[in-house]
Amino acid sequence: MRINEYELVPHVARYLRDKDYLVFTEKYVGIRRADVIGVLLDEEEVKKRIEHNTPRIPIRMLLRIMRILEQRGNMSIKELAATLDYSTSYIRKIVAAANPIFLAKEKGVVKKVRDYRPYTREVVGVEVKVSDWRNGLVQADWYLYALHKSYLAIYEKAYKKIPEKVIEWARERGIGILTISKDGAVEEKVAARTNGPKSNSAYYVLVESLWEKVLETINQSNVFYSTKSLSGG
């Protein structure tokens, strides 16, 4: 019987949920789409965002604003807009989104409160393949550009065909390998190692893109307040 990749994804998602990850499927990591993404949250950062009703933050611009404030000191929104060559309304929107966790506006002057911190402690990505382990490993390796850990998840029959030298290469790169049996059991054959993110800015862009979905999941399930799974306790 023919096996399709979409049939394997739910098994991987369940595997990560059982390990206390908040799970999303078919999410872009930069220009590539990961089949499964698992997120561990930073409880204190999430609570701050919920308390202040923080929206999704346009992170690239926020980081630019922070760098300017570090270099030049406190500035008005008008001065920031002129420096960045953006409209005052747009800069005002960024400041409002980041206030009061990262930026503060007092008497018309914007100041940096503290460094940006993501609301996540760890994000992992999984590329799911039935048999194409070559492309799967390439994808998984690329995810380390923006994620902490990555895996190739592959149908168990195909795993047996992967050359040992390739498995060793994956182990050296920190890429984990999961196998999926015909009855849906997932087994870790090669442990993933924290080997990313290679780019913090790419990581920040990813987690900010997920914030609305994370908040929606928290609101719908109430798990953030009723279990230890999302806080890592």
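Asp85 is exposed, with a relative accessible area of 68%, where exposed means over 50%, buried under 20% and partly exposed in between (1.4 Å probe, protein chains only). Asp85 sits in the loop between H4 and H5, and its phi is positive, about 60°, although the residue is not a glycine. Helices (H or I, at least four residues) and strands (E, at least two) are DSSP runs, numbered from the N terminus. Asn53 belongs to the loop between helix H2 (43–51) and H3, and with a relative accessible area of 65% it is exposed.

Before going further, a word on the model you are looking at. This is a predicted model, in which local features need pLDDT of at least 70 and side-chain atom pairs count only at pLDDT 80 or more, while totals for chains, interfaces and linings use all residues. Residues are numbered from 1 along each chain as its sequence is written, and side-chain values use heavy atoms, leaving out hydrogens and water.

Now step back to the whole protein. You will find 10 helices and nine strands, and the C-alpha atoms fill a box of roughly 65 × 40 × 30 Å along the principal axes. Of the 233 residues, 50% are buried. The accessible surface comes to about 12200 Å², and 45% of that belongs to carbon and sulfur atoms; these areas come from the Shrake-Rupley method with a 1.4 Å probe, and for residues only the protein chains shown count as cover. Among contacts between residues at least 6 apart in sequence, 67% join residues at least 24 apart, a contact being heavy atoms within 4.5 Å.

Let us turn to the sheet. Strands of a sheet pair through backbone hydrogen bonds, either parallel or antiparallel. Here six strands form an open sheet with mixed pairing, in the order E1-E2-E6-E7-E8-E9; two strands pair if DSSP finds at least two bridges between them. At the edges are strand E1 (22–29) and strand E9 (186–190), each pairing on one side only. On average, neighbouring strands of this sheet are turned by 30° against each other, direction ignored. Axes are lines fitted to C-alpha atoms, for helices over the stretch in contact, and angles run from 0 to 180 degrees between N-to-C directions.

Within the sheet, strand E2 (residues 32–41) and strand E6 (residues 120–129) run antiparallel and are joined by six bridges. Gly38 stands opposite Val124 in E6. Another place to look is Thr179, in strand E8 (residues 176–180). Thr179 counts as buried because its relative accessibility is 3%. Leaving aside residues up to four places away in sequence, Thr179 touches Ile154, Glu156, Tyr159, Ala185, Val186, Glu187 and Lys189.

The axes of helix H3 (residues 59–72) and helix H9 (residues 200–221) come within 9 Å and cross at roughly 130°. H3 and H9 are therefore oblique to each other: angles under 35 degrees count as roughly parallel, over 145 as roughly antiparallel, 65 to 115 as roughly perpendicular and the rest as oblique. Ile59, Arg60 and Leu63 of H3 meet Ser201, Tyr204, Val205 and Glu208 of H9. The residues of this contact divide into four nonpolar, one polar and two charged, where Ala, Val, Leu, Ile, Met, Phe, Trp, Tyr, Cys and Pro count as nonpolar, Asp, Glu, Lys and Arg as charged, and the others, Gly among them, as polar.

Helix H6 (residues 133–143) and helix H8 (residues 164–173) pack at an angle of about 10°, with their axes 11 Å apart, which makes H6 roughly parallel to H8. Trp133, Leu137 and Asp141 of H6 make the contact with Val166, Trp169, Ala170 and Arg173 of H8. This contact has five nonpolar, no polar and two charged residues.

Finally, two cis peptide bonds deserve a look in the viewer. A cis bond joins Asn99 and Pro100, with omega about 5°, and Pro100 lies in the loop between helix H5 (88–98) and strand E4 (103–106). A cis bond also joins Gly196 and Pro197, with omega about 0°; Pro197 is in the loop between E9 and H9.
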